[in-house]
Amino acid sequence: MTGDAAKRIGEVVLAESARFTVHCYDLHGAPPLGAFLRASDGHAPVYAVVAGASTVSIDAGRRPVALGEEEESEEAVYRRNPQLAQLFRTEAQALAVGFRDGDALRHYLPPRPPRIHAFVSLCPPEEVRAFTQSLDFLALLANAPIPSADDVLAACVREAAAAHDDRHAFLLRAGRETARLLGADVQRLMTVLKRIRP
Amino acid sequence: MGLDLSRAARDIDSMAGRLHDGAAAQAGRLTRARAVLQAQDARLDALREKVNRGGDRVTFLVAGLSDGLAARHPAPDAPSDYVALGADGSQIEADRHTPVACFLLNVGTVTLRYGDAPGATLDSVPLLLADAADLEVRDPSGSRSVRLDGPLLGVRRAIEEHRALLELARRAPPELPVVALLDGSLVLWTLSGQAYPDFVREALLDRALLPVLDEFAALARSRPLALASYISYPRSTDVVNTLRVAECPYEPPDCDRHCAGRGAFQRPCDSVGGVLDRDLFGGLLAPGERSALFDSASSIVRRYGRHAVRFFYLNVGDEIARVEMPQWAADSPRLVELAHSLALDQCKRGRGYPVALSESHEQAVVHEADREQFWRLVENALARRGLRAETSAKSTSKRTRWL
């Protein structure tokens, strides 16, 4: 499931066991929150879920300023200042949720993070479908030490559901798994369920 | 304990007081300079003749008046599709504490395309100067040599900036008008005067910079290419010095004969003294307008031939800038219009300063951390080959501060 249908969006520029950062090739071209990514690493690609994105100045010492007061459109700001596209970078933060181990898909942290400059692709629907046959990885998202873990979890479920032919059945299965994970915290559970409701 | 700012503050305050006391007199000299500018504009030929009669006896650098004095030219329309090029450099300089004699030049370059197909290419290219031929200028007909450091390294850097800019110009889409900008003066002031022997001028100017300018001129024959340098907040007084000649009561003007030994503001021509060209033209030019073209009278420029430097002042809105062009470009009304309109357009896009130059500076800049990293790379490379990187105790002490 690492065929040509996957769209390459960037490269790993910061790698840890549980998360990595992707420098996206296109400015403002971050993959959607909750989307499934694959960081190629030869025979053992790492799967990850987009947990956030940011677009910042390449040079930390240079802050963007408002330029468009006299422009008709946002596009015109970029056309008038073509250098801008070179001076910002869009990065996506990804939480590792599994990896390929020979023919098997594993739904827990990979033995090692992807390499710096590993190519990162957006998983095509069939790959998402295959990976989400098991929902064990949702525990990694539910327990991720990030402030927006609930939103990332819900966004991931919505993204995965869109890849399944029977979307409703998938949502039911994901809802049950979420209830199992968050059952002790009813408020959190309700928050997530509200956000994955069709 | 480092700088005690509270002590310095007292001196700063008294400096501000002295400036305030002198402000009224300065304003009077500026008013006088503006009046002389207008009056002399009506009798340019007489002023030119007086300047010629003075010749080298006038010790100020006097702007050549081939194009008028108080003329104002409104901004031509800038083409909507054009290319702005910029090149700027910075350097890491060895000093006597560093382990190896070598220099690093870093030239930042920018190509900005505007109009229907906008785009940008930003780049920087480091150049390590470490061979004997790079580190000194040798007299080919003798055994003398001059170390290439300090100001001469600045000249070498300027040459590399010109070369980089020429490469950009060659690669620019041939159908579009191009403004190629450098930061600072086209005049290599370092080489004027007697500070360096003539073989240095021959090596760095005649055999290095001028051939690059020749190639620019050749390229400009086949495409609209305006080469210009841009000086923000210029401190030059070439035009005011011309007004000094107008104010001179002696005939012919002869500074050493008539005014030697007179103190500050004691000479008759000091009626316009202390005024900068930018102050003079600040009262004359409306936003967008440029002045007449003047000729630089620097002694080194006499070697430039057809690349002799001409300049105009330009009101870019926030300040009066100085734009210099080689003579072959300044002699072409079309290229002057391009330099005028596009320098202005670059300033509008760049919040008062040409974008092509601010971005090439950003590409070129070498931060303190880069500098330290560079020397660490040098030391590591030496160590890998079993060479000991000797450095002074003073340098080591600065890098490993201890208590």
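**Reading the two chains**

Mentor: Buried residues make up 38% of the 403 residues in chain B. Please keep in mind throughout that this is a predicted model. Chain B contains 13 helices and 10 strands, and its C-alpha trace spans about 75 × 55 × 50 Å along the principal axes.

Trainee: What radius of gyration does chain B have, and what would a compact globule have?

Mentor: For 403 residues, a compact globule would have a radius of gyration near 22 Å; chain B has 24 Å, which agrees. The contacts may be read as well: of those in chain B between residues at least 6 apart in sequence, 75% join residues at least 24 apart.

Trainee: How many helices and strands are there in chain A?

Mentor: Chain A has 7 helices and 7 strands. Along the sequence they follow the pattern β-β-β-β-α-α-β-β-β-α-α-α-α-α. With 198 residues, a compact globule would have a radius of gyration near 16 Å, and the 18 Å of chain A agrees with this. The C-alpha atoms of chain A fill a box of roughly 55 × 40 × 30 Å, taken along the principal axes. Buried residues account for 33% of chain A.

Trainee: How should I read a helix, and which residues of helix H2 of chain B are buried?

Mentor: An α-helix has 3.6 residues a turn, so residues three or four places apart point the same way. In helix H2 of chain B, which covers residues 44-54, the buried residues are B:Leu47, B:Val51 and B:Gly54. Seen down the axis of H2(B), these buried residues fall within an arc of 65°, so they line one face of the helix.

Trainee: What covers the buried residues of H2(B), and which exposed residues does the face turned away from its buried side carry?

Mentor: The cover includes helix H1 (5-41) and helix H6 (238-247) of chain B. The face turned away from the buried side of H2(B) carries the exposed residues B:Asp45, B:Ala46, B:Glu49 and B:Asn52. Just after H2(B), B:Gly55 takes a positive phi of about 50°.

Trainee: Let us turn to sheets. In what order do the 8 strands of the open sheet in chain B lie?

Mentor: Strands of a sheet pair through backbone hydrogen bonds, either parallel or antiparallel. In chain B, 8 strands form an open sheet in the order E3-E2-E1-E6-E7-E10-E9-E8, with mixed pairing. Strand E3 (119-129) and strand E8 (294-295) of chain B stand at the edges with a single partner strand each, so one side of each is left without a neighbour in the sheet. Within this chain, strand E1 (residues 82-92) and strand E6 (residues 178-183) of chain B run parallel and are joined by 5 bridges. B:Ala84 has B:Val179 as its bridge partner in E6(B).

Trainee: Which residues of strand E3 of chain A are buried on each side?

Mentor: In a regular strand the side chains alternate between the two faces of the sheet. Strand E3 of chain A, residues 36-39, is covered on both faces: A:Phe36 and A:Arg38 are buried on one side, A:Leu37 and A:Ala39 on the other. E3(A) pairs in the antiparallel sense with strand E4 (residues 46-57) of chain A over 4 bridges, and with strand E7 (residues 119-122) of chain A, also antiparallel, over 3 bridges. A:Leu37 has the bridge partner A:Ala48 in E4(A) and A:Leu122 in E7(A).

Trainee: How many residues does the largest nonpolar core have?

Mentor: In soluble globular proteins, nonpolar side chains tend to be buried together. The largest nonpolar core here has 100 residues, and those with the most contacts inside it are B:Leu85, B:Val179, B:Ala180, B:Ala226 and B:Ala339. Beyond its neighbours within four places in sequence, B:Ala226 is in contact with residues including B:Val179, B:Ala329, B:Leu335 and B:Leu342. A second, separate core of 46 residues includes A:Ala15, A:Tyr47, A:Leu138 and A:Ala142.

Trainee: Finally, how many residues of each chain are in contact with the other?

Mentor: In total, 7 residues of chain A are in contact with 10 residues of chain B. On the side of chain A that touches chain B, helix H1 (74-80) and helix H2 (84-87) of chain A each supply at least two residues. By class, that side has 2 nonpolar, 3 polar and 2 charged residues.

Methods:
Residues numbered from 1 in each chain as written. Chains lettered and ligands numbered in written order. Predicted model: local features only at pLDDT ≥ 70, side-chain atom pairs only at ≥ 80, totals over all residues. Buried ≥ 20, exposed ≤ 12 C-beta atoms within 10 Å, placed from the backbone. Arc of directions from axis to C-beta. Contact = placed C-beta atoms within 7 Å. Pairing = 2+ DSSP bridges. Nonpolar A, V, L, I, M, F, W, Y, C, P; charged D, E, K, R; others polar. Core = buried A, V, L, I, M, F, W, Y, C linked by C-beta atoms within 7 Å. Rg over C-alpha atoms; globule rule 2.2 N^0.38 Å.
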